[in-house]
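Please examine the model displayed below, with attention to its aromatic rings and its backbone geometry.

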Amino acid sequence: MAVSEAERRAMTRALELAATAGVPLGPNPRVGCVLLADDGSTVAEGHHRGAGTAHAEADALARAGAAARGTTAVVTLEPCNHTGRTGPCAQALVEAGVRRVVFAQADPNPVATGGAQTLAAAGIDVEQGLLEDEARAVNREWSLAMERGRPFVTWKFATTLDGRSAAADGTSRWVSSRASRIDTHRLRARCDTMLVGTGTVAVDDPRLTVRDEHDVPLPQQPLRAVMGERDLAADRRVLDGAAETVHLRTRDPHAALAALFARDRRHVFLEGGPTLAAAFLRAGLVDEIVAYVAPALLGAGLPAVGDLGITTVADAFRPRVTDVTVLPPLDGEQPDVRLTLAPEEGA
């Protein structure tokens with residue numbers, strides 16, 4: 001059966017619901033659902049509000065009540081087929097008497113997939129793939145995390161024009177502008193984990209919290225993860241109780257990400273020094289790069305990234321540029337340039 005124009009409009013609306021602001025970070029995807037009557041009118045809407053709350057389909061069904069029978073459920077993600085903190089949505093749709101389900105993206109979570117088969121086995125008409133790319137974009141990091149079995153990794157760094165992240169005397173505050181630092185906190189807020197090495201904690205003593213433009217911490221904070229074998233001094237700010245902190249006693253990026261994935265972490269913001277960055281790049285574990293480039297030259301000092309084992313220009317690591325933004329300057333500073341890049345597959 002072809003997708004109707006009403007179903008297409010409903011999927012656009014479901015995507016809007018899935019992207020509702022204020023949903024707390026966590027291991028679950030953002031999902032929206034719209035229930036349609038035979039005449040294409042909306043019976044009810046729903047969206048997921050975070051781990052432990054009703055899934056989008058259950059939310060819409062509860063709002064519809066008995067009116068859900070005979071409707072078409074338009075959902076941004078394949079209805080789940082497992083029991084976790086809540087019951088399986090596929091079975092809930094069957095029990096509610098829904099006659100047709102149109103969903104955008106197949107569920108990449110191996111634990112939850114199979115909802116389409118359950119629906120079809122119950123005699124419900126199922127259509128897959130409507131606005132799939134748009135649905136994946138809503139849950140880009142979560143989807144890749146599920147597919148790869150590890151958190152999505154965004155590596156962020158600030159550098160001068162000549163690739164220095166600190167001066168020869170070790171000072172690094174501030175390589176980037178205030179506008180860049182505010183923007184960095186905006187990006188931090190999209191992640192569920194901040195990750196640095198023990199060396200960064202020892203030398204820079206970062207807070208690793210998300211703060212607003214007035215330097216006030218936000219109510220919701222990502223996990224602070226520190227990897228490395230050395231002990232952390234008790235006076236370090238990552239141990240100040242402002243957010244949860246975990247010490248991963250390993251130098252292996254694969255092991256660190258596996259431990260974070262086991263803790264239901266899906267998006268890691270890597271802010272470590274050049275050695276840690278190089279380790280993740282060499283392991284092929286960086287999915288996105290955000291570089292803040294300041295209009296400054298140091299001539300010497302700490303490089304933005306350590307040894308990648310590259311000895312010739314022909315072998316240079318060349319990620320694909322996806323965005324270039326000149327950040328509006330604040331406080332009379334020169335504007336920085338933010339580059340967003342994506343490593344090519346297999347790089």
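Predicted model: local features only at pLDDT ≥ 70, side-chain atom pairs only at ≥ 80, totals over all residues.

Trp155 is buried, at a relative accessible area of 4%. Phe157, with 17% relative accessibility, also counts as buried, because the limit for that class is under 20%.

Arginine side chains are also placed over aromatic rings. Arg266 lies over the face of Phe261, 4.2 Å from the ring centre. Arg181 is positioned over the face of Trp174, likewise at 4.2 Å from the ring centre. Trp174 belongs to the loop that runs between β7 (164-166) and α7 (178-188).

The peptide bond that joins Arg173 to Trp174 is cis, with omega at about 0°. Most peptide bonds are trans, and most residues other than glycine have a negative phi.

Where do residues other than glycine have a positive phi? Asp264 has a phi near 65° and is located in the loop between α9 (253-262) and β11 (267-270). Asp331 has a phi near 55° and is located in the loop between β14 (320-326) and β15 (337-342). As to accessibility, Asp264 is partly exposed at 37%, whereas Asp331 is exposed, with a relative accessible area of 62%.

How values were computed: Residues numbered from 1 in each chain as written. Heavy atoms only, no water. Buried < 20%, exposed > 50% of the residue type's maximum accessible area, 1.4 Å probe, protein only. Lys NZ or Arg CZ within 6 Å of the ring centre and 35° of its normal. Helix = DSSP H or I, 4+ residues; strand = E, 2+ residues; numbered from the N terminus.
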